[in-house]
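Reader: Please take me through this structure, one place at a time, and tell me what each term covers as you use it.

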Amino acid sequence: MNFKYYVVLGFLANLLTLANGEIAGKSGNMRYDNYQVYKINVKNATQLQFLNFLQNQTRFSVWKDYDYITEDVHVMVKPREIHNFLRLLQNYEIEQELLIENVQDLSDLEQSYSDSSKFDWTRYYELHEIEQWLDDILLTYPNVTEGFIIGNSYENRSIRGIKISHKQDNPGIFIESNIHAREWITSATATWFINALLTSQDEEVRDLAENYNWYIIPVLNVDGFVYTHERLINSTPFSNKDRLWRKTRQPTSASDCVGTDPNRNFDSNWMANGGASGNPCEETYAGPQPFSEYETTALAEFLKSIQDDINIYLAFHSYSQLLLSPYGHTEDPPENYDDLLEIGGAFATAIESLPYKTPYRYGSTATTMYIASGSSVDWVYDNFDAVNVAYTIEFRDQGRFGFVLPPAQIIPNCEELMAGMLALVQKSHQLNYI
């Protein structure tokens with residue numbers, strides 16, 4: 001690196017206090033008026049090194065980390081930093097594309113789309129609404145449903161799930177959703193899927209519902225989820241506490257920053273190969289030690305109690321349209337990787353065959369997206385002999401809306417998930433995993 005490069009990097013470190021440190025770590029009342037999201041295209045190693053410096057040394061908010069396949073990064077920029085940010089990218093001939101002109105506009109759209117009191121997936125629902133809906137489902141279908149609580153969160157909220165079972169000896173499939181608080185499309189899709197298993201008359205869906213036992217947790221990170229929805233009644237204009245909060249809500253002893261990334265907190269190659277952060281103010285902070293979080297400990301203990309009853313493990317996330325198998329901490333493949341790829345191909349083909357033509361990529365987390373250690377999927381895959389099929393599913397979209405997916409896309413995303421799920425389960429059955 002030449003002297004000019006160091007000077008510009010130093011200038012940038014002082015100048016760019018983009019959103020990550022404030023948003024990921026510290027609590028407060030947060031609006032995103034005129035915040036913008038950019039896709040940054042990386043052409044060579046020097047540009048990647050430059051962007052890695054920004055990510056490691058400054059406080060900008062990374063929405064999508066560097067992807068080895070698409071060779072891009074998505075970042076959110078504060079309005080007062082946009083001019084300097086674009087000028088620095090231009091100086092280093094780094095191409096960018098504006099994805100979202102005003103994040104707050106999309107957030108406002110999410111919350112004003114429907115006034116319907118009916119649970120109909122035309123808007124995003126808060127935790128108390130989801131729990132009331134679960135109660136109604138349990139009352140309506142008492143012969144095939146059973147509620148369960150895996151434990152309590154840091155703020156002492158119950159973490160609830162539902163089991164759907166028509167025959168006790170069915171193979172089991174476990175779905176974990178909304179481990180990252182801001183990914184609202186995940187719990188919306190999980191609840192829609194529960195409803196489809198119970199109400200659909202489609203022959204293939206009935207087979208899926210009646211010949212497998214389903215364990216589904218619509219919202220795992222309940223504290224963080226409530227924080228993204230929590231409204232500031234006296235604020236002007238009307239806003240959330242922080243719509244883009246990702247982590248848990250447990251304070252950290254070594255910092256004023258709050259929360260841990262629960263999907264970096266499992267005891268599976270924890271903090272390995274740079275797949276998580278040791279900085280409490282970063283969004284991928286792995287916690288002071290594995291299972292430091294109430295939510296991850298509760299999930300792990302519950303899974304241990306039913307480990308002989310589940311054969312497939314799925315984690316719902318957003319965004320990027322990916323089906324990710326183990327492993328996240330290394331590019332070395334698991335023993336049955338060829339089968340996992342075959343299942344992934346069936347999943348992606350089924351989704352793209354729908355009228356929406358939505359493309360999904362598939363492969364291991366490390367080779368398809370980026371290095372990520374300490375995930376729930378990797379922990380389950382490594383620790384439970386009965387689970388040989390495990391995936392993270394990254395839902396819509398590819399960055400046009402990112403985490404703030406409009407409510408109009410909820411049902412299309414759900415329809416894609418069902419098509420993919422039917423193919424995933426069928427192929428897993430053909431390969432004798434269930």
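Reader: Leaving aside neighbours within four places in sequence, which residues is Glu 394 in contact with?

Author: This is a predicted model, in which local features need pLDDT of at least 70 and side-chain atom pairs count only at pLDDT 80 or more, while totals for chains, interfaces and linings use all residues. Residues are numbered from 1 along each chain as its sequence is written, and side-chain values use heavy atoms, without hydrogens and water. With contact taken as heavy atoms within 4.5 Å, and with neighbours within four places in sequence set aside, the residues in contact with Glu 394 are His 317, Ser 318, Tyr 319, Ser 320, Gln 321, Leu 322, Leu 324, Tyr 360 and Met 369.

Reader: Which backbone nitrogen lies 3.3 Å from a polar atom of the side chain of Glu 394?

Author: One of the residues in contact with Glu 394 supplies this nitrogen from its backbone. At 3.3 Å from a polar atom of the Glu 394 side chain, it is the backbone nitrogen of Tyr 319.

Reader: With which side chain does the side chain of Glu 416 make a polar contact?

Author: Glu 416 is found in helix H14, residues 410-430, and counts as buried because its relative accessibility is 0%. Apart from neighbours within four places in sequence, Glu 416 is in contact with Ile 351, Leu 354, Tyr 356, Thr 358 and Arg 396. A polar contact pairs N or O atoms within 3.5 Å, one able to donate a hydrogen and the other to accept it, and residues adjacent in sequence count only through side-chain atoms on both sides. The polar contact of the Glu 416 side chain, at 2.5 Å, is with the side chain of Thr 358.

Reader: How far apart are the C-alpha atoms of Ile 40 and Val 75?

Author: Ile 40 has its place in strand S1, residues 36-41, and is buried, since its relative accessible area is 1%. Beyond its neighbours within four places in sequence, Ile 40 is in contact with residues including Leu 51, Val 73, Val 75, Phe 85, Leu 89 and Ile 94. Although Ile 40 and Val 75 are 35 residues apart along the chain, their C-alpha atoms are separated by 7.8 Å.

Reader: Where is Cys 257, and what is the distance in space from Cys 257 to Asn 279?

Author: Cys 257 sits in the loop between helix H9 (222-229) and helix H10 (294-305), and it counts as buried because its relative accessibility is 1%. The two residues are 22 apart in sequence, and from C-alpha to C-alpha their distance in space is 9.3 Å.

Reader: Which elements do the buried residues of H9 pack against?

Author: H9 is mostly covered, with 8 of its 8 residues buried, among them Phe 225, Tyr 227 and His 229. The elements that these buried residues pack against are helix H6 (127-140), strand S6 (158-164), H7 and H10.

Reader: What percentage of the residues of the chain count as buried?

Author: The secondary structure comes to 14 helices and 12 strands, and among contacts between residues at least 6 apart in sequence, 77% join residues at least 24 apart. Of the 434 residues of the chain, the share that counts as buried is 62%.

Methods: Helices (H or I, at least four residues) and strands (E, at least two) are DSSP runs, numbered from the N terminus. Buried means under 20% relative accessible area, exposed over 50%, partly exposed in between (1.4 Å probe, protein chains only).
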